[in-house]
Amino acid sequence: MASADETEGAMTPVDFIQLQHYMEESSLRVRDVIKEFHPGGRYAKHTSGECLNVEGFCLFLKTYLEVEDFPPDFCGKLFRYFQQAEKDGSPKSTMPKGGGVFLRDVSCYFSVLEEGQPREKLEFTFNLYDKDGNGLLDSSEVDRIIAQMMRAADYLGWDVTELRPVLKDMMTAIDVDDSGTVTLEEWVKGGMNNVPLLVLLGLRMTEKDGQHIWRLKHFNKPTYCGVCENMLLGLGKQGLYCNCCAYTVHNQCANKNPDRCAWTFVKNKQEIGKAFHDWIKADCNSSKCQVCFKKIKTLAGRRCVWCQETRHDDCVMTGVPKCDCGPLKNHILPPWTVYPISKEENTNLLNVPPDGHILQISPDLDIQPLLVFVNPKSGGKQGERVLRKFQGLLNPRQVYNLTNGGPTRGLHFFRNLRQFRILVCGGDGTVGWLLDAIDKASISVRPPVAVLPLGTGNDLARCLRWGGGYEGSDLREILKEIEGSEVIPLDRWSITVTPKNPKDAGDPVPNEIMNNYFSIGVDASIAHRFHSMREKHPQKFNSRMKNKLMYFEFATSESISASCKKLKDCLTITCCGKPINLDNMSLEGIAVLNIPSMHGGSNLWGECKKADGASEAAHTHSEVITDRELLKTVTQDISDKRLEVVGLEGALEMGQIYTGLKSAGHRLSQTSEITISTTKALPMQIDGEPWMQPPCEIRITHKNQANMLIAAPTKSSGFFHHK
C-alpha cells in the first residue's frame, strides 16, 4: 500500500491530461521562460542558487502556460510531485535546499513534453545541465536528464522498463573513450540515432524518403516485431508502429536496422508513370496469398503499401502485374507521379523535404488525387488520430498538418494538376482558413473541397451533409462518400467594419470574409462570454459535453440578464438601400445567414411554404425582399448570391429553435447586400468568432464562390434545401 508521502507526491493520468491541455494552449517555450529566473531576470528572487521555491514554481507555471489564475491546488500538487521525484531519484547530498525543486529538472521535464524538433530539445537539455559551460556532461548529469525523460515517458504511456535500457545503451555507445563524460556533439549524434528517444522527443517528420514515421502504440491483439519476430508483450504501449507502412517493432529493436518504409516518390524523371508494388514485411493475419491462394503464416508474407495486396515471400516476384493502388486508387497520389527537380527548375522552396529534394507532381498523368489538410488541434485529440490514419491510407506526401505552415505548401505542391479534390479535416474556422488560402494561391484550377468535421458546431459541414462531427468511423468509408459527392458552389461574402470613432478601443475584427453567418446581439453575447472563459480556463473546455454544458450555462444567464434588450433602439438595417422596419418587434439579436445552419444545427430561417408562380418570379428578379408574406415562401440556397436576415427575441427563443419547439426566428429580409449601423458597443460574431465592437457601420457584399463537395443524401430529408 502506498504511503501518505507517496500519494501526496503522485500525479494521476487525469492531472497529466489537464497539464497537457494547458500546454497546448500556450505559445511560449521553456527556453523563453527560464531566462526570467536567472540572475537579472524578473523572477530571479524566487530562485536560491539552482532551486525554485513553491512561489517561484507557481510563477514559472503561470508564465510558461500563460494562465494568470492557475489553480493553486493544482500548482501545489505539481510542486509536491517534483519534490517527491527528487527524493526518489537523488542522493541526499544533491537534494535541493529548503524543500524546493531544481529549476533545470522542471525545465527539462517540460521541454520533453512541448512541441519542437528533437535536435533542438537535445541541445537545450545538454546546455541546461552543462552548469560550468565547459561543453561536457558527466554521468550523473546525464542520469538526471534520463530521469526527466523517463518521468515524461511514463505519463505518455511508455513501458519505461523497456525504455530505460535503450537509453542506457545509448549513453554507453556515445561515450566511446569510456571517459565518463559526453560532449554536445556526442550527445546530439547519439540522440538523433536513437529511434525510441526521437519518438519520445516528438519527432514529427522523417529525415529522408524510406524512413518510418514512428509512433508509440498499444496493441490489443497479438502483434509481432518485424525485426526479432517475437511477440510484443507488456502493459500500456508495447512498441513502435509506422503510420505509413504499419511496420511494427519493439522499442529496443528500432535501432537494429529494420526494413525500410515505403518510397513516396521516384528518384528521377525516367521512372515517372512506371507503376510498381512496394512490398513491406507484414503480419498478414492468415490472409490468402493473391498468387497461390494459400494462407500466409505470421510474418511469412509481404503487403504492398499502395494496393494492399498480400503475398508469400516466395510469391512476390511471380507474374507481378503493375500496382493499381487498389481500392483507394481514386484518392492516392501514386509515388511514380512524384519526382525531384533541381533548384534551377523551381526556385520556390515550399516543397523541400528534410533530405533536400524539391518535389513536383507530373501533370501529364491521368490522376485525380485527394489533397488532405488536417488541423490536429481540432476536436481534442481527434485531429491527431485522423492525421495518422490518413498517412497510412494515402501517400504521406499528400497529407498535410495545418499547424506546420498552413495550407500553402500543399496547394503549391498540387498547383500543376488539371484536376484534384481537397479534404479539410477540422472545424468551420479551419475550412475558412483553407478557402482563404485557395483564393490567394496560384493554382490553375479551383479544386472542390469536402469536409471531415472535427470538434463541435460544424455548421457548414452539416449543410454539405458531412455531419455534425466525426465519430471515429472507418476513414475508408469517408473516402467512398467523397467519390459519390457532387460539386456545389458556396457563396462567400466580404465584411467591412468601419468604426464611427477611430479612437474607440474595441476587440480586433476576427475576419473579413463570411462563409456561414454574421450576428449581433444575444447569440454573439453568449459566444463572446464562452470564448472569453475558454481563453482564461482552457482546461474546462476539453470535451464536447463540457463545452455544450458551459454554453447552456451562459445561455441561461443571458436569458435572465437580457443584456441586448431593445436592440432596435441602437441599430438600423439597410438592405440594397432599403431600410428594414423593426418597429413593433422586441428583438435581442440579428442574424445574417449564408447557410441554413447556425450554432451546431439551428435552422433560424426555417422551412418554407410552397410559392405560387408570382412569388417565384419575385424571388428570381428581386435584389431584396422584405414583404412578410412573400418571405414565407423564400427558400435558402447557398449558391444564390443572397443573404437571409433573421430577428431573434432572445436566448430562450434560440433554445426553442435548436430543440425544435419553435420552427424559426423572425424573417426580416432576403438581400444581395446589407448595411448595419450601430450607435453603441455591441457583441458581434462572424462564423462563430465573437468580439465586442464599438459603434460602427458594417457592410456585407458578395465576394466570390468556392467549389464545395456535397455528400449524397443518405435518405430524403427536408431539413436543408439545395437547388
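Me: Which residue stands opposite isoleucine 686 in E29?
Reply: Glutamate 689 in E29 stands opposite isoleucine 686. Bear in mind that this is a predicted model.

Me: What makes strand E28 and E29 a pair?
Reply: Two strands pair if there are at least two bridges between them. E28 (residues 682-686) and E29 have 5 bridges, in the antiparallel sense, so they meet that cut-off.

Me: Where do these strands sit in their sheet?
Reply: The sheet is open and has 7 strands, in the order E24-E26-E25-E23-E20-E28-E29, with antiparallel pairing.

Me: Why are strand E24 and strand E29 said to stand at the edges?
Reply: Each has a single partner strand, so one side of E24 (624-625) and one side of E29 (689-693) is left without a neighbour in the sheet.

Me: How do you know that E18 and strand E19 pair?
Reply: The cut-off is at least two bridges. E18 and E19 (residues 513-514) are joined by 2 bridges, antiparallel, so they qualify as a pair. Here tryptophan 493 stands opposite methionine 514 in E19. E18 (residues 486-499) also runs antiparallel to strand E30 (residues 696-710), with 14 bridges; proline 499 stands opposite cysteine 696 there.

Me: Why is helix H6 called largely enclosed?
Reply: Buried means under 20% relative accessible area. In H6 (residues 103-113), 11 of the 11 residues are buried, so the rest of the structure largely encloses this helix. Among them are Arg104, Asp105 and Phe110.

Me: And what makes the buried residues of H12 line one face?
Reply: The buried ones include Val386, Leu387 and Phe390. Viewed down the axis of H12, its buried residues fall within an arc of 170°, so they line one face of the helix.

How values were computed: Residues numbered from 1 in each chain as written. Predicted model: local features only at pLDDT ≥ 70, side-chain atom pairs only at ≥ 80, totals over all residues. Heavy atoms only, no water. Buried < 20%, exposed > 50% of the residue type's maximum accessible area, 1.4 Å probe, protein only. Helix = DSSP H or I, 4+ residues; strand = E, 2+ residues; numbered from the N terminus. Arc of directions from axis to C-beta.
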